[in-house]
Amino acid sequence: MSESMAWLTRDIRKARKQGAAAVARRRGDRLADLVACARSASPYYRELYRGLPERVDDPTLLPVTDKKKLMDRFDDWATDRDITFDKVRAFTDDPGLIGRRFLGRYLVATTSGTSGRRGLFVLDDRYMNVSSAVSSRVLASWLGPLGIARAVVHGGRFAQLVATEGHYVGFAGYSRMAQEGGGRSKLLRAFSVHEPLSHLVAQLNEYRPAFVIGYASTIMLLTAEQEAGRLHIDPVLVEPAGETMTDSDTDRIARAFGAKVRTMYSATECTYLSHGCAEGWYHVNDDWAVLEPVDEDHRPTPPGEFSHTVLISNLANRVQPFLRYDLGDSVMLRPDPCPCGTSSPAIRVQGRAGDILTFPSGRGDHDVRLTPLAFSSLFDRMPGVELFQIEQTAPATLRVRMVKAPGADADHVWRKAHDGLTHLLADNKLDNVTVERAEEPPKQASGGKYRTVIPLPV
């Protein structure tokens, strides 16, 4: 059976029309197919799944994996035996290769995630096509015929707010589209979240997008600019992603831009995991993904209660299968049908809060605010850093905690980190901010997570 973009789009629509039973059949078959593929071609999964039934269409039968386990067994994890950690690491160390096809066939994406541990992920075309098909269906459901018509009148242009200084999935995917051309590439433009806010505002004013998609913390900064009259765009849809938002946040965005606001809960490991609805819930795209809220022992958490963590299974990516993968977030499954009418499981997310750091300007201007992404993307591309944490201990003081990679020189790594942070702060007119080197390791929060950025308490 061909799984072209056209076929995927038709199948996704057909599954939703046929109802929950049809979605469940597809999900079970896809899980069984992926488990069989993993056992056949991945030494890691062949060992892990030894003793399981021949066909597995129930995810609870599978052992749990996580980023550390998979990264520690990287060379054995991939189903393509040409893929090795050293090759992927060398590829991601070259910014000139962002969006290029690794081994001539794969997209590579990096992430630190909320745990602070860097991930190197290889994504196949099937995954990227499923992600595009699901996103197209969700976008159409959000807008409806009138919204689509309004977007066309506005030019149909997408502004994607992304980290542009690394192989992050948003920018890597955009870069591939731009390099390989096609109709969609003409309507999509990436804007760097590393740009000073005034530059980003000027660029968006000139571009006048119909859609604004990007990190929630950056969109909140732009909302303040729109309220102040410095930004004056009128998008049809604003889509914050990557960080938890409150109802008051989304209401404020909607008022400022006069636009519909819809959020997403996803990860590089499964970019199409869920989509937001008008009632403020996330609905799992459960024909291509499995989401399991669980307790500390990985037993199901009852609906209506927040979980200890959440396990996800991406049913599209065959080259590096994510099966019962511990994402580390706390989520709650809605115990009753969502009033929006969407039948797929609805969840609320408690984890992944994105905090903006606010500094007094040393040049007599208004306060300067920086998103966590500005810091995490700096450290993600810095050799020798295994784990990092930045805490704002005073209005103009940052304390940096790091764990160096094995074999790295601690003093050399610190000099690189200090220089990088100093340049970042200077670019944002924050020469007055002091950067301190901590002797203690990063603080671990309850549940095992490390917050990569800790703002000054309000």
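**Close-up views of a predicted model**

**View 1. The second largest cavity.** The second largest cavity has a volume of about 30 Å³. This is a predicted model, and two cavities of 30 Å³ or more are found in the structure. The lining of the second largest cavity is made up of Val 134, Ser 135, Val 138, Met 264, Tyr 272, Ser 274, His 275 and Asn 285. Two elements, helix H7 (125-153) and strand S8 (274-276), each give two or more residues to this lining. H7 supplies the largest share, three residues. Sorted by class, the lining holds four nonpolar residues, four polar residues and no charged ones.

**View 2. The second largest pocket.** The space in the second largest pocket comes to about 670 Å³. Its lining has 27 residues, and Pro 196, Leu 197, Ser 198, His 366 and Val 368 are the ones nearest the centre of the pocket. Helix H9 (197-207), helix H10 (216-228), strand S16 (368-370) and helix H13 (410-427) are the elements that each contribute two or more residues to the lining. The largest share, five residues, is from H9. By class, the lining residues of the second largest pocket are 11 nonpolar, eight polar and eight charged.

View 3. In soluble globular proteins, nonpolar side chains tend to be buried together. The largest nonpolar core of this model contains 76 residues. Ile 83, Tyr 265, Tyr 272, Trp 288 and Leu 323 are those with the most contacts inside the core. Helix H7 gives the largest share of the core, nine residues. Which residues does Ile 83 contact, leaving aside its neighbours within four places in sequence? They are Phe 74, Asp 75, Ala 78, Val 88, Phe 102, Leu 103, Tyr 106, Val 122 and Val 319.

**View 4. The five-stranded parallel sheet.** Five strands make an open sheet in the order S4-S3-S5-S6-S7, and the pairing is parallel. Strand S4 (188-192) and strand S7 (260-261) are at the edges with a single partner strand each, so one side of each has no neighbour in the sheet. S4 is joined to strand S3 (residues 158-162) by five bridges in the parallel sense. Within this pair, Ala 159 has Arg 189 of S4 as its bridge partner.

View 5. Gln 389 has Arg 401 of S18 as its bridge partner.

**View 6. Strand S17 and its pairing with S20.** Strand S17 (residues 385-394) is mostly covered, with seven of its 10 residues buried. S17 runs parallel to strand S20 (residues 453-454), and two bridges join them. Ile 390 is opposite Val 453 of S20, and Glu 391 is opposite Ile 454 of S20. In a regular strand the side chains alternate between the two faces of the sheet.

View 7. Glu 305 is located in the loop between strand S10 (289-294) and strand S11 (309-314). The relative accessible area of Glu 305 is 43%, and the residue is therefore partly exposed, since that class lies between the limits of 20% and 50%. Not counting residues up to four places away in sequence, Glu 305 touches Val 331, Met 332 and Leu 333. Glu 305 and Tyr 49 are 256 residues apart along the chain, and their C-alpha atoms are separated by 30 Å.

Methods. Residues are numbered from 1 along each chain as its sequence is written. This is a predicted model: local features need pLDDT of at least 70, side-chain atom pairs count only at pLDDT 80 or more; totals for chains, interfaces and linings use all residues. Side-chain values use heavy atoms; hydrogens and water are left out. On a 1 Å grid over the protein atoms alone, a cavity is a set of points where a 1.4 Å probe fits but cannot get out, and a pocket is an open set with protein on both sides within 12 Å along at least five of seven lines; lining residues have an atom within 4 Å of a point. Grid points are joined across faces, edges and corners, and a volume is the space filled by probe spheres set on the points. Helices (H or I, at least four residues) and strands (E, at least two) are DSSP runs, numbered from the N terminus. Ala, Val, Leu, Ile, Met, Phe, Trp, Tyr, Cys and Pro count as nonpolar, Asp, Glu, Lys and Arg as charged, and the others, Gly among them, as polar. A nonpolar core is a set of buried Ala, Val, Leu, Ile, Met, Phe, Trp, Tyr and Cys residues joined through side-chain atoms within 4.5 Å. Buried means under 20% relative accessible area, exposed over 50%, partly exposed in between (1.4 Å probe, protein chains only). Contact means heavy atoms within 4.5 Å. Two strands pair if DSSP finds at least two bridges between them.
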